[in-house]
Amino acid sequence: MAYDPVQRLLAIGSKCGSLRILGQPGVDVHVRHDMDGPPGSAAVLHLQFLVNEGALISATADDTLHLWNFRQRIPQIVQSLKFQKEKITYMHLPLQSKWLYVGTERGNVHVVQIENFNLSGYIINWNKAIEVSRKTHPGAVVHLSDNPLDASKLLIGFESGLVVLWDLRNKMADMRWSTCELRSVAWHHEGKQFMCSHTDGTLTTWSLKSPSKYIHISQPHAKFSKDGKPEQCKAISKVEWKSSRTGEAYVIFSGGMPYDQASRTPCITVVYSKTTTVLEMEHNVIDFITLCESPYTSELQEPYGIIALLQNDLVIMDLQTPGFPCLENPYPMDIHESPVTCCSYLADCPADLIPAFYSVGRAGAMKRQGFSEMDWPVNGGTWPAHACTYAEIIMTGHSDGSIKFWDASAGTLQVLYKLKTAKVFEKPKSRSLDAEDEPFAIEIISLCPESRKLCVAGASGHVILFTYKKVESFDEVTVLEVPITYEILDEGEISPDCQFSGPGSAGSGSKLDMLDIDNKRDGAMLKVKTGNQKKLPGFQAQLVCLTPWNNGEPPSHITALTINSSYGLMAYGNEAGIVIIDIEQKVCLLNVGSPDLYGAQDPYSRVPRSPKKNQMPSEALPINPERDDRQPRSPSIDQINGVCSPASACPSGTVSTSSGGGVGSGGGGRIRPDPPRRSRSQDKLDSSFSRSRSSSMSSLENITSESIQCLAFVDSYTKKSEPSTLTPTLWVGTSLGSVITIYITPPDVDSRSSQPVVVSLVGATVFRLKGSILTMSFLDCNGSLIPYSFESWRDEQKEKRDRTPTRNNMRMSPTLGGDTVRSDNLSDRQFVVMASEKQARIVALPSQTCVYRQQLADADFVVKAEVISMRDSVCLACYISNGHLTTYSLPSLRPLLDIDFLPLSELSFQTQSNKGIVDPMLSIWGQQLIINEDTDQITRTFNFSNRGHGLYLASPSELQKFTLCAEFCSNLTEMIGELFLPMEMPEPPKEGFFKGLFGGGVRSLDREELFGELSGKPSKAVAKHIPGNLSDLNQRATSASSEVSRAHKLMLERGDKLNQLEERAEKMRSEAENFSSSAHELMLKYKDKKWYQL
């Protein structure tokens, strides 16, 4: 961390090589050290501002110094210097100096000229600094600083405890002090004393007059034992010694606490006016800086604050207020307060969402007490107000069950609102061994921005539906327990004639039988708080769908989730099957296993699995003729208890429901627990539609499970028999590359809350692609994206809610309207875009013919695919496992862009093993395999959105936004705030008369004379100069100047030639005049003479 006290800018470096420069709220610039070395080589270890010069020096873990210039809007590396044989351990740049002192692990001190980044021939070797009698190496350099009053005296602190005052002019050690193991050193402003902090938790004060022994020693936090001896303390990592104008001294240090159990909290201690104040921190202290009114170390600095960089936060303490309270942080530093588990990115969303979220966010967060009233001191730079013309919202889901809504419109993140989904549930009493480590972790977020309805899926197989309300409410949350089970049994285990209806089967008379097994496992499930609950303004939980345990196995994770406010439906699926929920009547419409979606068209032979002990299986799908009626039922016990139990399945496959309860379908008689997770490998068997994800599978046609990967509600022309009729449908994409349609028949609008929604699997259309389905979108016949239908949000306080759906058809083609009479009923009216991990297809509806196809990946696979709108067109954007980013036009699927964007290995920090799984055979060719669960996690945090923008989790604490739009890139510099503003340096301290008379003032040093060319040439083996990006600009400027000089030269040559031409013309004119005069004279001479007189 580094601070510029004149520009009032703060720079923070991270382990991943990113550099963040902060100014006033809104001025927040991120840059990264791009290096080709091993992981961790770009970690920023040291930072140093060139005060009030618009430049910054960084030192990275690969022992390279970088000079950054931030006078322009986007900081750039001007040049670099890589140390080849020594590791950088410390660096110090005196105020307004052009010479940087660099300490190394070998104990040497080098001097770098920062204008051209060249080494000076001046070097302080460790063997010259130590005593002649010393026989051991002093260790690495841990401190460098010049005397506040005499710049020719450099204080060098070695790790072993040796402190040397080096005379730069005479090139010799003036004084030496021997202490215990050293961590940091701080000068007193008078330059006569300095203070050291040590690894044993002690502080020692030394005087320049007495090098033999310290003048004071203290162990501030030591506890004394019964014997009177102090107990061991932790190291004091850093100490600063400042003075106020009242004469009182501030001694500020971090660490030094005892090793006992009660003192393990990280802290910063302030000793002022004989009072010791311990400021406890929530996270480990990385670094701190004392803010002073004067940047000059030789005068009374008057400290007024402390900037503390913690492992997960940034804190500023007010030293001018008793108790040293904190300031409220305006920066988004807590994005990883809880680890990010999923992201959702909405570019160009409704503009009223941001003020809506902000209003409830500020209302929900009560005014926190105890903060200082001091203005935020880091207030440099300027920020343009017109950052973006459209609204952008980012939603991050976290492992503790919280969801944060961020405003990303201004180029910087500002938190709007925080939703805690864990409050819906009771606190678990004890966590079982096989339960999730984070049972409330958010895995999928689906928001309908227009209706402000939000559904989220959690790690425990639960789904929560929220609706947005401006006012507080007090009501109960509806709970549905929806089992998703399916089991394939060996033939012959049960007689085909057996009509026994097992638990949960379609013919089961009791609605609670199916949960007998799960009730025994009730302790392992999440429990929703019962009774009326107080709900704060904002998103309020209305419905919770729980997937119960089955036979001692926890439910698998939800793999797909979507909501449609116009239909009033929500659908989700996992590795066993799919569920459709009516969010208006709060009942289950459908819960079936994945194989039942095919009906009689199932192309796969399912692998039998041995039944569990507690299962009561049946082979066939029994039909109970006594319960074949499908009339609306009265409210029953399954509604009262929130239990969704299957009812009778009709032979036609149509499923209906009423307001009285839930209904199941299809495979109710074939129970199976959720299957185990499968591992992913690179698919090289393109000859088959199905793809092997596990090397242990002996046949591609032997399928153990099929998960739901993609869901989409849409009005489509799916039925060939009715080519002119728009039919509400749910399109389902599976992990085996199948796309299946489910027909939905909603009741009339007037009877929507009382009549059932009919869901039908009859005549379902099945499309098959290679690889798992990733996305599905719909285009009209002109190739425009068909927007989804929605129900607009209305404020319940102002007007009664109108349940009439408001459908958004703003970009519908006129050919889709009902007023147009078409002579050819079989002509296509829609295109459906289907993209899998291997290929993409465009299918025309209602003819169901494939009009375009494209292979997206061969040896690799697509990690993320999405259909996005960019300017006036739509395209398919894909992120491939080989790190490439590709885009294709729609509907023609022509390649538009293919760039090497981001290696998948850079996102491996999200994986369970943090490095993926390396196949020993594929590692020969430098390839890497990442298991399925790991890429699933990466997919949850990688997003494409409208206008060509995208987002991914670059590190556990950083979200990286990228764009495919060239127009946005050209305007990017205007959106970023100015970091550097021209400012005058404060006046240096004035010398008193007697100090100037007797030589007690500040002594200057001509460093150019000492470290310049007269110091000799440095060794080329020590460091290597690397020109930066600005060297290219210099070359361009040089070439441009040469072109200008060449043009100037040509112009001068042209002028010379014109002068010569003018001279020649003048000469010809004069000669012509001479000839004319001679001719005239000759004429006059012979004018009166006859011819014979000539």
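How many bridges join strand S2 to strand S3? Four, and the two strands, residues 9–13 and residues 18–22, run antiparallel. Strands here are DSSP runs of E, at least two residues, and helices are runs of H or I, at least four, numbered from the N terminus.

A word on the source. This is a predicted model: local features need pLDDT of at least 70, side-chain atom pairs count only at pLDDT 80 or more, and totals for chains, interfaces and linings use all residues. Residues are numbered from 1 along each chain as its sequence is written, and side-chain values use heavy atoms, without hydrogens and water.

Back to the strands. Gly-13 has Leu-19 of S3 as its bridge partner. S2 and S3 belong to an open sheet of four strands, ordered S1-S2-S3-S4, with antiparallel pairing. Two strands pair if DSSP finds at least two bridges between them. At the edges sit S1 (2–4) and S4 (28–32), each pairing on one side only.

Now the whole protein. It has 10 helices and 62 strands. Of its 1094 residues, 53% count as buried. Buried means under 20% relative accessible area, exposed over 50%, partly exposed in between, with a 1.4 Å probe and protein chains only.

Cys-965 counts as buried because its relative accessibility is 11%. Cys-326 is at 30%, so it counts as partly exposed.

Last, residues 1051–1078. An unreviewed UniProt entry annotates them as "coiled-coil region"; such annotations may be inferred rather than shown by experiment. In the model, this stretch is 100% helix and 0% strand. Its end C-alpha atoms are 40 Å apart.
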